[in-house]
Amino acid sequence: MTSFRLRRPTRLALTAACLALGAATMSACAPVVQDRGYIFDPADLDKLQAGSSKEQVRTVMGSPSTVSTVDGEAWYYISSKFETVAFYAPEEIERTVAAVYFDKTDVVQEVAYYGLEDGQIVNFVDRKTPTRGKELTILGQLFGNLGRFNNQGAGTPGGASDPSGRR
């Protein structure tokens, strides 16, 4: 009985291929972190103080991510970090919100900072309105029409066989 033995260069190439495949497999499972939204610069955030105007805030921070719906009295700068592992849906791991509140004269009243732990979960109503009738499967729809049609007067209005419409 003879044993099968690879030559040294072939063994080295096979070992390198196995290591490369293992490294590619392990790197595919590594989490990917993405920044989304406004990227905060600590120096810019320190420049915001009570008494600044809206134009000064826009000059320092730029356009807000969103503005409050009530008279635009608050501007929000939102930044989030999402982590994606393999093929799973991205998961938010960090959120920072800088809220700039204005008074009626468009002067900064307060600057507040919020994180992911300050958020609240809102349950949306997921009720469905019931509809009348019954739900049929595709087979029920196909076979439900059998026997409902007749050939007498088919294709003419009023079921008459005379093309003039008289009976």
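Accessible areas are those given by the Shrake-Rupley method with a 1.4 Å probe. On this basis the chain exposes about 14,000 Å², of which carbon and sulfur atoms supply 56%. The structure is a predicted model. Its mean pLDDT is 79, and 78% of the residues in the chain reach 70 or more. Confidence is lowest in helix α1 (residues 8–28), where the mean is 72, and highest in β3, where it is 92.

The chain contains four helices and five strands, arranged along the sequence in the pattern α-β-α-α-β-β-β-β-α. Of its 167 residues, 17% are buried. Among the contacts with a separation of 6 or more, 42% are accounted for by residues 24 or more positions apart.

Helix α3 spans residues 54–61, and its buried residues are Lys-54, Val-57 and Met-61. These residues lie on the same side of α3 because they cover an arc of only 60 degrees around the axis. An α-helix has 3.6 residues a turn, so residues three or four places apart point the same way. Glu-55 and Thr-59, on the other side of α3, are exposed. The cover over the buried residues of α3 includes helix α2 together with the strands β3 (74–84), β4 (91–102) and β5 (108–115). Just after α3, Gly-62 adopts a positive phi of about 90 degrees.

Helix α2, one of the elements covering the buried residues of α3, comprises residues 42–47 and includes Asp-44. Asp-44 has a relative accessibility of 18% and therefore counts as buried, the cut-off being under 20%. When its neighbours within four places in sequence are left aside, Asp-44 is in contact with Val-60 and Met-61. Of these two partners, Met-61 is also listed among the buried residues of α3.

A further feature of the surface concerns helix α4. Ile-138 lies in this helix, which covers residues 138–144. With a relative accessibility of 57%, Ile-138 counts as exposed, because the threshold for that class is over 50%. Ile-138 also contributes to a nonpolar surface patch of about 580 Å², which is made by this residue with Leu-139, Leu-142, Phe-143 and Leu-146.

Note on methods: Residues are numbered from 1 along each chain as its sequence is written. This is a predicted model: local features need pLDDT of at least 70, side-chain atom pairs count only at pLDDT 80 or more; totals for chains, interfaces and linings use all residues. Side-chain values use heavy atoms; hydrogens and water are left out. Helices (H or I, at least four residues) and strands (E, at least two) are DSSP runs, numbered from the N terminus. Buried means under 20% relative accessible area, exposed over 50%, partly exposed in between (1.4 Å probe, protein chains only). Contact means heavy atoms within 4.5 Å. The arc is that of the directions from the helix axis to the C-beta atoms. pLDDT is the predictor's confidence in each residue, from 0 to 100. Patches are made of residues with over 30% relative accessible area and no salt bridge: like charges are joined within 9 Å, nonpolar side chains (Val, Leu, Ile, Met, Phe, Trp, Tyr) within 5 Å. A salt bridge is a side-chain nitrogen of Lys or Arg within 4 Å of a carboxyl oxygen of Asp or Glu.
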